[in-house]
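Colleague: I'd like to learn how to read the contacts of aromatic rings. Could you walk me through them?

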Amino acid sequence: MNIIDDLKERGAINQTTDEEGLRKLTEEKAISLYCGVDPTGDSMHIGHLIPFMILRRFQLAGHKPVILIGGATGSIGDPSGRSSERVLQSMEQVQQNVDKLTAQMRKLFFTSDKDAAELRLVNNYDWTKSISLLDFLRDFGKHFNLNSMLAKDSVANRLETGISFTEFSYQILQSIDYLHLFQHEDVQLQIGGADQWGNITAGLDLIRKKEGANSQAYGLTIPLMLKADGTKFGKSAGGAVWLDPEKTTPYEFYQFWLNQDDRDVIKYLNYFTFLGKEEIAELEEQVASQPHKRLAQQRLAQEVTRFVHGQAALDDAIKISQALFTGEISQLNASEIEQGFKNMPSFDSSKEPQNLATWLVDLGIEPSRRQSREDIQNGAISINGQKITDLDWEWTSDQSFDERFVIVRRGKKNYFLVRLV
């Protein structure tokens with residue numbers, strides 16, 4: 001199946017500048033295409049991942065992707081989807097972010113010698129840093145009609161609140177990127193989110209003015225990702241779901257996908273995994289006939305966590321999940337405890353031995369000595385997965401995970417992380 005038809009079947013295309021022309025081109029030859037990300041932070045989140053998964057699909061279909069890190073565009077800020085001006089970062093901070101995102105891209109997409117041969121990773125700062133102001137105005141600015149620029153959604157939506165010339169000029173810089181890659185990397189397609197349509201079409205206009213009206217260059221955007229309840233995809237209770245394991249642990253990442261709504265899971269399997277259509281259809285049947293088993297969510301969580309964090313991190317995430325579900329946490333190590341209990345209520349304790357009933361009150365886990373003793377006697381208190389019913393039981397630091405953590409469970413679902421200091 002042609003890659004364009006495959007993407008349409010998956011619901012992964014929002015707009016194309018010339019669908020039939022692009023379909024014909026991709027059938028005739030292997031094309032080069034690109035997608036970019038600006039280094040506005042030191043990590044991508046899962047919203048950034050969507051167009052790059054589409055880029056990977058083109059690669060698997062035999063095409064040649066180019067990944068662009070926006071060291072130049074990221075230094076001024078894209079107005080798309082924003083109601084106010086960005087706070088400019090220092091060039092040193094931008095470069096630090098470029099380095100972090102470059103490392104993320106290499107980890108995600110350069111996983112084999114084949115990838116290294118087929119993929120290109122570029123930074124638009126390399127070809128914009130030497131453009132003088134006069135060159136910018138004469139060679140590029142002259143080709144942009146002010147009325148057309150004002151009509152782009154990214155600008156039009158900001159006219160009431162105001163937009164600086166810096167952010168207004170963003171579409172010119174991104175257009176220069178497409179022109180440069182068209183000229184030097186034979187790139188004929190740019191991919192982006194739905195909010196990038198104006199920037200992409202501005203680039204196509206520049207190519208045709210500089211290289212001729214018949215230049216074969218195209219644009220494709222993916223749909224805005226919304227959850228079934230109408231809210232924006234990519235957020236959890238703790239905020240954005242990051243690809244950096246220091247910001248969102250692999251366990252939290254795994255749990256995010258595992259907890260997706262039945263109404264959304266098939267869509268996400270189509271977008272974020274490389275499973276075949278037959279397998280996805282089978283999972284869709286299971287969602288309808290056996291929703292309580294959540295087999296589609298399990299497969300989604302496994303596939304995406306493995307892609308982003310690797311098999312070892314996936315194994316750890318599953319191990320932590322199973323331990324928390326069964327309450328048998330004694331087999332976890334300190335690192336796994338730190339991941340699994342990162343967002344649970346936590347307390348600090350010294351390593352001095354103490355009577356359990358008193359210790360729970362001192363920590364603040366129990367409201368009173370009477371309640372503490374009652375919960376212990378009733379079997380409602382577990383320490384590191386072991387139920388304690390002895391009122392004289394004394395806690396010591398030997399009963400901890402690597403003398404760093406103790407896990408207290410009160411009742412069936414109330415977990416507390418105690419950090420030993």
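Modeller: Happy to! Let's begin with a charge over a ring: NZ of Lys or CZ of Arg must be within 6 Å of the ring centre and within 35 degrees of the ring normal. Here the charged end of Arg-106 sits over the ring of Phe-110, 5.3 Å from its centre. Likewise, Lys-247 has its charged end over the ring of Trp-242, 5.2 Å from the centre. This is a predicted model, where local features need pLDDT of at least 70, side-chain atom pairs count only at pLDDT 80 or more, and totals for chains, interfaces and linings use all residues. Residues are numbered from 1 along each chain as its sequence is written, and side-chain values use heavy atoms, leaving out hydrogens and water.

Colleague: How many aromatic pairs does the structure hold?

Modeller: There are 12. Rings of Phe, Tyr and Trp (its six-membered ring) pair if their centres lie within 6.5 Å; planes under 30 degrees apart are stacked, over 60 edge-to-face, and the rest tilted. Tyr-34 and Tyr-178 are edge-to-face, because their planes stand at 65°, with ring centres 5.6 Å apart.

Colleague: Which parts does the pair of Tyr-34 and Tyr-178 tie together?

Modeller: Tyr-34 lies in strand S2 (residues 32-37) and Tyr-178 in helix H11 (residues 170-184), so the pair ties together parts 144 residues apart in sequence. Helices (H or I, at least four residues) and strands (E, at least two) are DSSP runs, numbered from the N terminus.
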